[in-house]
Amino acid sequence: MFERFTRGARAAVKGAVAQAERAGADSVTEEHLLLALLEQEGGRTSFAVTALGLHDRRASLDAAFAEARRCGGLTRADTDALADIGIDIGAIVSRVEGAHGEGALAAGRTGRRWWSGHRPFTPGAKTVLENSLRVALGRGDRFIGEEHLLLALTAKPGVVADVLAEHGATYATVQRALYGPDADGGQGHAKAG
């Protein structure tokens with residue numbers, strides 16, 4: 001599959017590893033893939049990210065990801081849904097952090113990467129990479145570019161897709177930003193997921 005990746009897509013994957021290293025994370029996540037895409041310059045994806053206003057709202061994206069990590073990976077939609085049935089996630093997080101320290105619900109850092117020499121990709125990040133192939137094939141492309149990675153991130157349910165949607169970047173809006181208003185061309189290209 002990686003032989004189909006363009007230079008830009010390969011740079012995004014390498015950038016995701018660098019993002020994980022800077023964050024001190026044990027593994028490369030979907031969030032790291034998105035952050036690497038946000039840092040890329042030139043090309044269709046950079047244009048789409050700018051057109052959607054994601055560059056201008058980078059601090060807001062970072063804050064949403066930090067809050068989701070603090071809540072053990074729950075998004076705002078998750079916490080709102082739980083609040084509807086009477087569960088106050090904010091109170092639970094505060095109580096856990098009061099007993100165990102700030103960030104107690106965030107993923108742990110074991111230091112395992114120092115022994116292995118590299119950071120593995122999480123199952124979610126691997127799924128995004130696999131779905132980028134599905135997106136490319138659905139569009140009839142013979143390559144996997146960074147635009148396919150961005151679309152795959154919006155298509156995979158989870159924190160990254162939810163945070164992007166909260167910032168106006170859904171699969172449909174990203175597709176329009178990348179390929180124009182007639183992006184589907186009436187051909188019914190399948191969304192990866």
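Predicted model: local features only at pLDDT ≥ 70, side-chain atom pairs only at ≥ 80, totals over all residues.
**View 1. The packing of helix α1 against helix α2.** Two packed helices are described by the angle between their axes and the distance between the axes. Here, helix α1, which covers residues 7-23, packs against helix α2, which covers residues 30-39, at an angle of about 115 degrees, and their axes lie 8 Å apart. Because angles of 65 to 115 degrees count as roughly perpendicular, α1 and α2 are described as roughly perpendicular to each other. The crossing in which α1 passes α2 is right-handed. On the α1 side, the residues in contact include Ala12, Ala16 and Ala20, and on the α2 side they include Leu33, Ala36 and Leu37. The residues of this contact divide into nine nonpolar, three polar and two charged.

**View 2. The largest cavity.** Rolling a probe the size of a water molecule over the atoms shows where empty space is left. A search of the whole structure finds one cavity of 30 Å³ or more, and the largest cavity has a volume of about 40 Å³. Among the residues that line the largest cavity are Glu30, Val128, Leu153 and Lys156, while α10 gives the most to the lining, with three residues. By class, this lining has six nonpolar, one polar and two charged residues.

**View 3. The second largest pocket.** The second largest pocket holds about 210 Å³ of space and is lined by 15 residues, of which Glu67, Leu74, Thr75, Arg76 and Thr79 lie nearest its centre. The elements that each give two or more residues to this lining are α4 (58-70), α5 (76-84), α6 (89-100) and α10 (159-166). Eight of the lining residues are nonpolar, three are polar and four are charged.

Note on methods: Residues numbered from 1 in each chain as written. Heavy atoms only, no water. 1 Å grid on protein atoms, 1.4 Å probe; cavity = no way out; pocket = protein on both sides within 12 Å on 5 of 7 lines; lining within 4 Å. Points joined across faces, edges and corners; volume = space filled by probe spheres on them. Helix = DSSP H or I, 4+ residues; strand = E, 2+ residues; numbered from the N terminus. Nonpolar A, V, L, I, M, F, W, Y, C, P; charged D, E, K, R; others polar. Axes fitted to C-alpha atoms, helices over the stretch in contact; angles between N-to-C directions. Parallel < 35°, antiparallel > 145°, perpendicular 65-115°, else oblique. Left-handed = near helix turned anticlockwise from the far one by under 90°. Contact = heavy atoms within 4.5 Å.
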